[in-house]
Amino acid sequence: MSKAFVSERDSEDDDDEGPRLAPLPQGARNYMTPAGYARLRDELRTLLDVERPKVVETVSLAASNGDRSENGDYIYGKKRLREIDRRIRFLGKRLDAAEVVDPSRQFGNERVFFGATVVYAQDDGVEREVTIVGIDEVDTGHGRISWVSPVARALLKSSVGDVVTLPTPSGVLSLEVLEVRYPRPD
């Protein structure tokens, strides 16, 4: 098939990671916990040292078999190689812009800052526990929310006993801060 009929985006700006990682707000720093930074760095190393060499070898072997137009290993290998390269560029940019913040330095503090684990009660009495982390570390299933999320922004700089407001599409919620914890320093 002619390249004229194939639409492949393979540019430096093609760093859209879909729903996995949200873009940074304009002009914001990429705050990250040490664990989050290590996780992204390890993923980058795995891609560079393990994944990419395997795919390059597969593509190289497939290319040596001759006709590439109907060679599935070659076609899908090249596609996977583009995906890996895109992810490598993305992770490199994220890690270069990262500002690692160790939440254990706030141990004993009762104010909510980056890295805090906060227990709060909503208007209806439901208690929730969240940990405020970087954009690249979000895991809502385990209560890890981004520092730029509406809930985190409402809670930031509050203290135990404070009641903060959270505007939502269905109205304004009041959140009472019940507990603020930080990890113990090593």
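Is K157 buried or exposed? In this predicted model, K157 has a relative accessible area of 56% and is therefore exposed, since the cut-off for that class is over 50%. The residue is found in the loop between helix 3 and strand 6, the latter spanning residues 163-168. Its backbone is also of note: K157 is not a glycine, yet its phi is positive, at about 70°. Most residues other than glycine have a negative phi.

The protein as a whole contains three helices and seven strands. Read from the N terminus, the order of the elements is β-α-α-β-β-β-β-α-β-β. The protein has 186 residues, of which 34% count as buried.

Helix 1 covers residues 34-63 and helix 2 covers residues 72-96. The axes of these two helices come within 9 Å and cross at roughly 155°. Angles over 145 degrees count as roughly antiparallel, so helix 1 is placed in that class relative to helix 2. The crossing of the two helices is left-handed. In the contact of helix 1 with helix 2, 16 residues are nonpolar, two are polar and nine are charged.

Aromatic side chains were examined next. The search of the whole structure gave two aromatic pairs. In one of them, the ring centres of Y31 and F114 lie 5.9 Å apart and the ring planes meet at 45°, so the pair is classed as tilted. Y31 belongs to strand 1 (residues 30-32), whereas F114 belongs to the loop between strand 2 (98-100) and strand 3 (117-121). The two residues are 83 residues apart, and the pair thus links distant parts of the chain. Y31 has a relative accessibility of 24% and therefore counts as partly exposed. F114, with a relative accessibility of 11%, counts as buried because the cut-off for burial is under 20%.

Y31 also forms an aromatic pair with W147. Here the distance from centre to centre is 5.2 Å and the angle between the planes is 75°, an edge-to-face arrangement. W147 is located in the loop between strand 5 and helix 3 while Y31 is in strand 1, so this pair ties together parts that are 116 residues apart in sequence. The relative accessibility of W147 is 13%, and W147 is therefore buried. Through these ring pairs, Y31, F114 and W147 are linked into a cluster.

The loop between strand 5 (144-146) and helix 3 (150-155) also holds S149. A polar atom of the S149 side chain lies 2.8 Å from the backbone oxygen of S146. At 17% relative accessibility, S149 falls below the 20% cut-off and so counts as buried.

A further position of interest is T117, which lies in strand 3. T117 has a relative accessible area of 13% and is therefore buried. Along the chain, T117 and I132 are 15 residues apart, and a distance of 6.5 Å separates their C-alpha atoms.

Key: Residues numbered from 1 in each chain as written. Predicted model: local features only at pLDDT ≥ 70, side-chain atom pairs only at ≥ 80, totals over all residues. Heavy atoms only, no water. Helix = DSSP H or I, 4+ residues; strand = E, 2+ residues; numbered from the N terminus. Buried < 20%, exposed > 50% of the residue type's maximum accessible area, 1.4 Å probe, protein only. Polar contact = N/O pair within 3.5 Å; in protein donor to acceptor, adjacent residues only side chain to side chain. Axes fitted to C-alpha atoms, helices over the stretch in contact; angles between N-to-C directions. Parallel < 35°, antiparallel > 145°, perpendicular 65-115°, else oblique. Left-handed = near helix turned anticlockwise from the far one by under 90°. Nonpolar A, V, L, I, M, F, W, Y, C, P; charged D, E, K, R; others polar. Phe/Tyr/Trp six-rings, centres within 6.5 Å; stacked < 30°, edge-to-face > 60°.
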